[in-house]
Structures are given as C-alpha cells and as structure tokens.
Amino acid sequence: MNRSLLPLLLVLLSGTTRLDAQGRPLTVSGVRSLVFGAVFPGVPRTISRTDPANSGQFDLTGNKNSQVRLVFTLPAAMAGPVGATMPLAFGGGDAGYSDTQAIGSQVAFDPKQPFLATLNKNGRGSVFIGGTAQPGSSQRAGPYTGTLTLTVAYFP
C-alpha cells in the first residue's frame, strides 16, 4: 500500500484581549501552535494536551487571583490544497489549564464547553490544547491549516 505523507499545521495564535476597569488588562498570547505534523491517509493522528512539542499553548496575564472564563471556538476541519478538507476531533479532556504555567501540572477540561479558571497570585496561567486529525483513506497530500480561537474574559 502506497501512503503519502501529509504535512499538517493547525494555526493557534488567535486570542482575545478584554479590559477590566478595576485593574490590569487581561491579555492572551499564543505561545505555540497545535501541530499534527506528517499524517498518513486513513490513519488518525492524536496530539495530547501534554505534548511539549506539538500541543497548542496560550499564556494568560491579568489581575492576580482573578477568575476567568475560557471559551474555545474549534474548527470542524482543516483546509488543504485544491479545496480539500481534513476533519478534526476534540475530546472531553483535550484542553488543560495550569496556574503554574507548567505543561505537567494541568487540570483537564472539555474544550467544547466553557471553563472557569483562576489566575495565580501573579495574575498568570496557561491553557493547553490537543486534538485529533482524521484523514480519509484517499486524503489529498499537502499542507492543511485551520484556526482555533480562545476567548478569555474576567468572570465576576
């Protein structure tokens, strides 16, 4: 069976900045994109939220010890060459939050649901994301990209 390599990249550098009249601005910085790398037709490729090289990462900065609401807008598929698409799946534990900003100390959450998190005593935290690329058996070779967005707002 001849299988072509499909280079993939899911762009993850979107973010939302909200201002709080009572303190410092809430900022979201895209640190690392979620990258699926080379995949083969018909063979799903899963990236764990704890993968230090391929998981996506956002860093948050805001008021110390503040609660924030995290909401992802997730793509159903990536776009590729000549109109080709590749489906994506995000499971119940594919996102994680760490108030220490350490990839190894995360609380898992479902990226399809809003999540409340608390910034640490320095007003910082990190959000990590993984997922699964699901190429079809006759998937067209070439680069595929998509965008997911993390919206973060102070929660009263």
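1. Contact here means heavy atoms within 4.5 Å. With that in mind, and remembering that this is a predicted model, take Ala108: leaving aside neighbours within four places in sequence, Ala108 is in contact with Arg49, Gly93, Ala95 and Gly96.

2. A bit more on Ala108. You'll find Ala108 in strand E10, residues 107-109. Its relative accessible area is 39%; since buried means under 20% and exposed over 50%, Ala108 comes out as partly exposed. Phe128 sits 20 residues away along the chain, and the two C-alpha atoms are separated by 9.1 Å.

3. Now the core. The largest nonpolar core has 30 residues, and Leu60, Val68, Leu70, Phe72, Tyr97 and Val127 are those with the most contacts inside it. Strands that each supply at least two residues of this core include E3 (34-39), E5 (56-61), E6 (67-73) and E14 (149-154).

4. Leu70 deserves a look of its own. Setting aside neighbours within four places in sequence, Leu70 is in contact with a list of residues that includes Leu60, Tyr97 and Val127. Phe109, Phe115, Leu150 and Val152 are also among the contacts of Leu70.

5. On to the sheet: three strands make an open, antiparallel sheet in the order E11-E6-E14. E11 and E14 are the edge strands, each with a single partner, so one side of each has no neighbour in the sheet. From one strand to the next, the twist averages 30°.

6. Last, the pairing of E6 with E14. These two strands run antiparallel and pair over six bridges.

Definitions and conventions
Residues numbered from 1 in each chain as written. Predicted model: local features only at pLDDT ≥ 70, side-chain atom pairs only at ≥ 80, totals over all residues. Heavy atoms only, no water. Core = buried A, V, L, I, M, F, W, Y, C linked by side-chain atoms within 4.5 Å. Buried < 20%, exposed > 50% of the residue type's maximum accessible area, 1.4 Å probe, protein only. Helix = DSSP H or I, 4+ residues; strand = E, 2+ residues; numbered from the N terminus. Pairing = 2+ DSSP bridges. Axes fitted to C-alpha atoms, helices over the stretch in contact; angles between N-to-C directions.
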